[in-house]
Amino acid sequence: MRTVAHILFPRMKITYEEQPDDHPAVFVCNHAAMCGPVVMTLYFDRPHQTWTIYSALDRTLSYRYAYHDVFFGESRRFKWFWRLLARIVGRALPRLLEESGTIPVFHDRRVLKTLRASIAALKNGEDIVIFAESPQRFSEFVNELQPGFVDLGRFYAKETGEHLNFYPVYLEKKHRSISIGRPISYDPASSPDDQRVRISTYLRNVIDCMGRTVPKHDPVPFLPPRWYDAYGEYESEFPKYWEMIERESNARQEKRYFRPSH
């Protein structure tokens with residue numbers, strides 16, 4: 001799969017507006033559909049782990065994740081075909097992602113597991129790569145960011161007494177470029193709510209600016225128009241989207257294991 005990915009995504013050039021030091025940091029990227037995660041896995045040359053939604057890593061959920069989030073199944077005709085394809089992809093996806101150096105991301109109380117695993121990686125000298133876009137649209141280059149990832153700065157400061165840097169990243173395939181802007185540091189003296197707004201707004205605006213300054217290209221959105229046609233009710237309530245996927249998977253498991261006897 002790595003060989004195939006190298007063919008589909010030729011080597012990308014990384015440019016830094018400000019060269020990072022040896023301290024671990026958080027790199028927040030535009031998603032660009034599947035391009036972002038694949039490119040950062042292949043070519044980001046600093047030791048790192050990547051935040052990945054738990055539904056893609058759990059073997060009981062990965063089929064539903066593939067159907068809704070990879071193939072946008074509810075927006076398509078011949079749903080039987082997309083369900084079949086999702087089953088094939090769903091069987092391979094967890095193992096593939098596990099081999100790529102991932103940290104599971106939860107959208108409930110289990111998010112503490114995500115934060116603890118991330119702090120352990122940072123203390124081990126590894127960076128964290130995050131694709132934090134939500135479905136809520138901002139511009140053609142980037143969506144609004146889900147700000148919860150900013151809490152890493154607070155946890156990291158408590159553990160180490162150091163400030164954590166967050167770098168904005170804009171990826172685009174046509175010019176094979178990974179552009180990394182100037183970082184912003186978490187300030188533990190300010191309130192967590194203020195830091196979430198300050199840092200997520202800065203990163204979103206800089207990613208948008210970098211997208212506008214890259215030579216002419218066709219931006220790849222986080223989610224295509226067909227997602228909004230089928231799942232538009234979740235644009236401003238993304239956690240409910242993941243709840244829907246888990247609910248469908250749980251219902252399928254109950255139907256499988258609790259069939260009435262004859």
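View 1. Patches are made of residues with over 30% relative accessible area and no salt bridge, and nonpolar side chains are joined into a patch within 5 Å. In this predicted model, Phe78, Trp80, Phe81, Leu84 and Ile88 make a nonpolar surface patch of about 580 Å². One of these residues, Ile88, belongs to helix H5, which covers residues 79-98. Ile88 has a relative accessible area of 52% and is therefore exposed, since the cut-off for exposed is over 50%. In soluble globular proteins, nonpolar side chains tend to be buried together.

**View 2. The largest nonpolar core.** This core holds 30 residues, and Ile128, Phe149, Leu152 and Phe166 have the most contacts inside it. Two or more residues come from each of strand S2 (26-29), strand S4 (102-105), helix H6 (111-123), strand S5 (127-130), helix H7 (151-160), strand S8 (165-172) and helix H8 (192-213). H8 gives the largest share, 5 residues. A second, separate core has 20 residues, among them Phe27, Val39, Val129 and Phe131.

**View 3. The surroundings of Phe166.** Neighbours within four places in sequence are left aside here. The contacts of Phe166 then include Val26, Phe149, Val150, Leu152 and Gly153. Phe166 is also in contact with Arg182, Pro183, Ile184, Tyr186, Ile199 and Leu203.

**View 4. Strand S8, a covered strand.** How many of the residues of S8 are buried? The count is 8 of 8, and the strand is mostly covered. Asn165, Tyr167, Val169 and Leu171 point one way from S8, while Phe166, Pro168, Tyr170 and Glu172 point the other way. The residues on both sides are all buried.

**View 5. The strands that pair with S8.** S2 and S8 run parallel and are joined by 4 bridges. In this pairing, Pro168 of S8 stands opposite Val28. Strand S9 (residues 177-180) pairs with S8 in the antiparallel sense, also over 4 bridges. Here Ser179 in S9 stands opposite Tyr170. The hairpin of S8 and S9 has 4 residues between the strands, and Arg176 in this hairpin takes a positive phi near 50 degrees. Strand S10 (residues 184-185) is likewise antiparallel to S8, with 2 bridges. Ser185 in S10 is the bridge partner of Asn165.

**View 6. The buried residues of helix H7.** Asp151, Leu152, Gly153, Tyr156 and Ala157 are buried in H7. An α-helix has 3.6 residues a turn, so residues three or four places apart point the same way. The buried residues of H7 pack against S2, strand S3 (48-53), H6, S5, S8 and H8. Just after the helix, Gly161 takes a positive phi of about 75 degrees.

**View 7. Phe222 in a loop.** Phe222 lies between H8 and helix H9 (225-231), in the loop that links them. Is Phe222 buried or exposed? Phe222 counts as buried because its relative accessibility is 12%, and the cut-off for buried is under 20%. Although Phe222 and Asn30 are 192 residues apart along the chain, their C-alpha atoms are separated by 7.3 Å. With neighbours within four places in sequence left aside, Phe222 is in contact with His31, Ala33, Glu133, Ser134, Pro135, Asn143 and Phe238.

Conventions:
Residues numbered from 1 in each chain as written. Predicted model: local features only at pLDDT ≥ 70, side-chain atom pairs only at ≥ 80, totals over all residues. Heavy atoms only, no water. Core = buried A, V, L, I, M, F, W, Y, C linked by side-chain atoms within 4.5 Å. Buried < 20%, exposed > 50% of the residue type's maximum accessible area, 1.4 Å probe, protein only. Contact = heavy atoms within 4.5 Å. Patch = residues over 30% accessible without salt bridge, like charges linked within 9 Å, V, L, I, M, F, W, Y side chains within 5 Å. Areas by Shrake-Rupley, 256 points an atom, 1.4 Å probe, with all protein chains shown as cover. Salt bridge = Lys/Arg side-chain N within 4 Å of Asp/Glu carboxyl O. Pairing = 2+ DSSP bridges.
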